[in-house]
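Subject: Structure for you to look at

Hello,

Here is the structure I said I would pass on. Please open it beside this message; my notes on its aromatic rings follow.

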Amino acid sequence: MPEQNITAAGARSAFIEGVIACGPTILGYWSIGFASGAIGAISGFSISEILLLSALLYAGSAQFLFYSLWTAGAGPSAVVLAVLLVNIRYLLMSSYLARFFSGASTMQKFISGVLLTDETFGVATQFATGRGALPYRWMLGLNVAAYVNWIVANFMGALFAAVIPAGISHGLGFSLTAMFIGLLALNYFGSARKRLEIVAMVTSAAAVLATMRVLDVNVSVLVATALAATICATALQIRERRGMPS
């Protein structure tokens, strides 16, 4: 049914169904969001700044990266470019889901895309694969439930880190590095292309070691990221053209 022809009761029902569909992913938002808020507070950001960042940036890996780079003294251009590289995958995710929004307006597609996360993409893809379409209200309920839980989790994490004793919070400073190591390990073990993951890790580490003495450390990280991504993307394309398993 076209979106403009749906009744108020139907819209409300679809929205509630979207909220319910978000249920299985809530724990994930709370675990990562709580850690993100806590690390933001440990990095010296105020609760209002953390809330603003979680509401506007709304991306776990990008927020961790933002705190890390900002605390290390990286310049605004390096921070913006790094966050852009981390989040560029959402462009591909949104493009994939666009085919299921044939009855939605441009604004509805924009709202659905701008609130998209890794988790809501997975839920929405599973829903759309079985039905061939994504009702806008259902997607809005899914996205709003995820968005609200993410912000609240960041707030609770920041509040917790702000009230614990300074000695404990300073001792938790290594949690930022540990979080990135954990994300890297989770990404590796959850990937179906472990060889490419190893190539990316080795290439980026070698590029940083080779350039960090001649380049600014922020530029060195960006060069390493671009080099590793280019090599892996090229290798993946070659294997697909040859019909080899990736």
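Trp70 has a relative accessibility of 42%, so this residue counts as partly exposed, since that class runs between 20% and 50%. Please keep in mind that the model is predicted.

Trp70 also has a ring partner. Together with Phe66 it makes a stacked aromatic pair, with 5.7 Å centre to centre and 15° between the planes. Both residues belong to helix 4 (residues 60-71), and because they are 4 residues apart there, about one helical turn separates them. Phe66 itself is buried, at 16% relative accessibility.

How many aromatic pairs are there? The count comes to 9. One of them joins Phe66 and Tyr67: the ring centres are 6.1 Å apart and the planes stand at 75°, so this pair is edge-to-face. The angle decides this, because planes over 60 degrees apart count as edge-to-face and those under 30 degrees as stacked. Tyr67 is buried, with a relative accessibility of 0%.

These residues are also part of a group: one aromatic cluster is formed by Phe45, Phe66, Tyr67 and Trp70.

A separate item concerns a charge and a ring. Which ring does the charged end of Arg131 sit over? It is the ring of Phe127, and the charged end lies 4.0 Å from the centre of that ring.

Regards

Note on methods
Residues numbered from 1 in each chain as written. Predicted model: local features only at pLDDT ≥ 70, side-chain atom pairs only at ≥ 80, totals over all residues. Heavy atoms only, no water. Phe/Tyr/Trp six-rings, centres within 6.5 Å; stacked < 30°, edge-to-face > 60°. Buried < 20%, exposed > 50% of the residue type's maximum accessible area, 1.4 Å probe, protein only. Helix = DSSP H or I, 4+ residues; strand = E, 2+ residues; numbered from the N terminus. Lys NZ or Arg CZ within 6 Å of the ring centre and 35° of its normal.
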